[in-house]
Amino acid sequence: MAEFDQYNRWEAQIRQVQLPHWSELPKFDLYMDQVVAFVNDAIGQLGVEPITPAMINNYVKHQVIIAPVKKKYQTMQLADLLLIGLLKPLFSTETIRHGIDQVTAGDFPKQAYDNFIDVLNRALKNLGKGQPEIPARTLNDKLMQVAADTIVNRIQSEQLLRMIEKPIKPIKKVK
């Protein structure tokens, strides 16, 4: 029973997480170490794998995000890195980039990002409560809803596995 109480406390903590909207992202250009710190601070609360400078360099090299200007990253790149950090454990970077491009093709990047963050923050806030989601009106809305649910389900299942995981005893070899 203590394990279940511990899980309920974890759920309550996750329900308090609020990922930043576009207006809450830095309005000035950041160097790599500042980008890494900002992104990891924002998504680290969810137990997501931290982003490293090597990962960011790889995303730039493979054109998953646009290259920095004079080694400085702007708001758009921060938003992309936050989304990549959240979705990378679930999808390939190619799929993530394609999804971002599809959603932003019909909406301004700021609005598309904020819409996704709203959907994800709502899913986090309702974790374990079973409250119905707001019905999607478009395929883009449905895509964001499914992606947010997938993120929440992944962090929830990983936490449950960590909590129930028992040390596995080595099997003795029979001679």
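The structure is a predicted model, in which local features need pLDDT of at least 70 and side-chain atom pairs count only at pLDDT 80 or more, while totals for chains, interfaces and linings use all residues. Residues are numbered from 1 along each chain as its sequence is written, and side-chain values use heavy atoms, with hydrogens and water left out.

A nonpolar core is a set of buried Ala, Val, Leu, Ile, Met, Phe, Trp, Tyr and Cys residues joined through side-chain atoms within 4.5 Å; buried means under 20% relative accessible area, exposed over 50%, and partly exposed in between (1.4 Å probe, protein chains only). The largest such core has 51 residues, of which L46, I56, F116, L120 and L124 touch the most other members. Two or more residues come from each of α1 (2–15), α2 (32–44), α3 (53–61), α4 (75–87), α5 (93–105), α6 (109–125) and α7 (139–164). Helices are DSSP runs (H or I, at least four residues), numbered from the N terminus. In soluble globular proteins, nonpolar side chains tend to be buried together.

A pocket is an open set of points on a 1 Å grid over the protein atoms alone, where a 1.4 Å probe fits, with protein on both sides within 12 Å along at least five of seven lines; lining residues have an atom within 4 Å of a point. The lining of the largest pocket has 23 residues, and L87, G99, I100, V103 and L143 lie nearest its centre. Eight lining residues, the largest share, come from α5.

Q63 lies in the loop between α3 and α4, has a positive phi of about 60° although it is not a glycine, and is exposed, with a relative accessible area of 67%. K70 lies in the loop between α3 and α4; its phi is near 55°, and K70 is exposed at 75%.
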